[in-house]
Amino acid sequence: MQEDFSSLPGYTRRGGELFCEDIALKDLAQRFGTPLYVYSHAALQSALQGWMAGVAGTRHRIFYAMKANSNLALLKLFHSAGTGFDIVSRGELARALAAGAAGSDIVYSGVGKSVEDIRAALNAGISTFNVESIPELDRINAVAQSMGKVAPVSVRINPDVDAKTHPYISTGLKNNKFGVAFDQTAALYRHAAQLANVRICGMDMHIGSQITEIEPFVHAVDKMLDLVDELAQCGITLDHLDVGGGLGVRYINETPPTAADLVHAVSQKAADRGYGDLPIYFEPGRSLVARAGVLLTTVEYLKPTAAKNFMIVDAAMNDMVRPTLYQAHMAIENCSQADNCEALWDVVGPVCETGDFLARGIALAAQPGDVLAMTGAGAYGMSMSSNYNSRGRAAEVLVKGSKAWLIRRRETIEDIMALESTVPVEAL
Ligand code: LLP
């Protein structure tokens, strides 16, 4: 089953042609080439408004998890709409600052922060480190001490809750590498309270990604609040709770809750437990960008075989790895009405791996030269792309109405080779 384009904000079919806002996708493919990532400004705004409406009138905050898509043009848009940023590296820190964010708009997640990462974040004056282990806490304390600073810290707990998502993107189970084990959390907070160069400010979790039910979030928040109660008994109080990201989106026929529903359910749980005044942070990534983006690709060859039909296109697993890595099902449609009949196809790229596919066994009608659009490609598409097979990364375009801006040019082979140097053969 394929997603119906008519339900995607920012995209419509007009007289057989697929449009992003007021521009035919086929025309964008012709102007900028393929593979091409296209983002609809209206769709980004609609996703943003969904989250912003959810937190309106509260002290809750949105920190966009830029790992989903860190293009500077998108970051600037989010910053101007009032989101902060959830970062996981000092590269992402530099992007947040370049987009205009203040340190106080940034939370820093991730299990492996290096001394350099911590130093850069302290220099930027970030809002909080989400700490995942005692050695990390001790390192943050030591680096802060060496800089004469006090680091704001929150502890990421591992609530041991099943987010019911793909195992690679499930993060809140006790056998995942993330967060501090539930029964060790209070001790870690007590330890933090003894350190001179850290200031405890919050508690954090992130239980997984592409979660399509509210229940795992509420269950995890409930467990989090048990710990908050326990800390209060030792005189440790917090200034916020961070419930991470993870809200799923519709790719084919999923029916995730809305952002406002999620915010409401989590806030209600906090209020029921007597924490109605505690600000709650949300770190959405995918739900802000996935459905705003499509990946355009041109059909190179049709290769029907006795066993299977292969449609060979110019995008590959280096451009979009989600189907290969997570067995993700993402819809693909022809941007124009095709003349031939529908058949079942494996849509595959030019990369030399059997795992190089964008979709398998989907119904499509297309001819060589036709432009296809993969939907839901705005999240974890470009940001996970690579140069495998010395393929340059795709270009990215932002569309608003009848305007299209190139927001990242296509990588050339010169770009790819620029960082390498050869050694004279005589020296080898
Ligand atoms: N906060 C933390 C600490 C995270 O680790 C993540 C995502 C997020 C927020 C944002 O989660 P979201 O709202 O996007 O679900 N590459 C995978 C997804 C990996 C998610 C990693 N962490 C995919 O393409 O499905």
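This is a predicted model: local features need pLDDT of at least 70, side-chain atom pairs count only at pLDDT 80 or more; totals for chains, interfaces and linings use all residues.
View 1. Let us start with Ser-209, where a polar side-chain atom sits 2.3 Å from an oxygen atom of the ligand. Because a polar contact needs its two atoms within 3.5 Å, this pair qualifies at 2.3 Å.

**View 2. Gly-246 and Tyr-326 at the ligand.** Here Gly-246 takes part through its backbone: one of its polar backbone atoms is 2.9 Å from an oxygen atom of the ligand. Tyr-326 instead uses its side chain, placing a polar atom 2.7 Å from a nitrogen atom of the ligand. On its own the ligand has 590 Å² of accessible area, and the protein covers 92% of that.

**View 3. The shell around the ligand.** Which residues come nearest to the ligand? Of the 19 around it, they are Ser-209, Glu-283, Arg-322, Tyr-326 and Tyr-380. Sorted by class, the shell holds six nonpolar, seven polar and six charged residues. The space that the ligand takes is the largest pocket.

View 4. The domain assignment gives domain 1 (5-40 + 290-417) and domain 2 (109-284). Their centres, taken over C-alpha atoms, are 36 Å apart. Where the two domains touch, domain 1 supplies 12 residues and domain 2 supplies eight residues. Each domain also gives at least three residues to the shell around the ligand.

Terms used. Residues are numbered from 1 along each chain as its sequence is written. Side-chain values use heavy atoms; hydrogens and water are left out. A residue is near a molecule or strand if one of its heavy atoms lies within 4 Å of it. A polar contact is a pair of N or O atoms within 3.5 Å; within protein, one must be able to donate a hydrogen and the other to accept it, and residues adjacent in sequence count only if both atoms are side-chain atoms. Accessible areas come from the Shrake-Rupley method with a 1.4 Å probe; for residues, only the protein chains shown count as cover. On a 1 Å grid over the protein atoms alone, a cavity is a set of points where a 1.4 Å probe fits but cannot get out, and a pocket is an open set with protein on both sides within 12 Å along at least five of seven lines; lining residues have an atom within 4 Å of a point. A molecule sits in a cavity or pocket if more than half of its atoms lie within 2 Å of its grid points. Ala, Val, Leu, Ile, Met, Phe, Trp, Tyr, Cys and Pro count as nonpolar, Asp, Glu, Lys and Arg as charged, and the others, Gly among them, as polar. Domain bounds come from an automatic or database domain assignment. Contact means heavy atoms within 4.5 Å.
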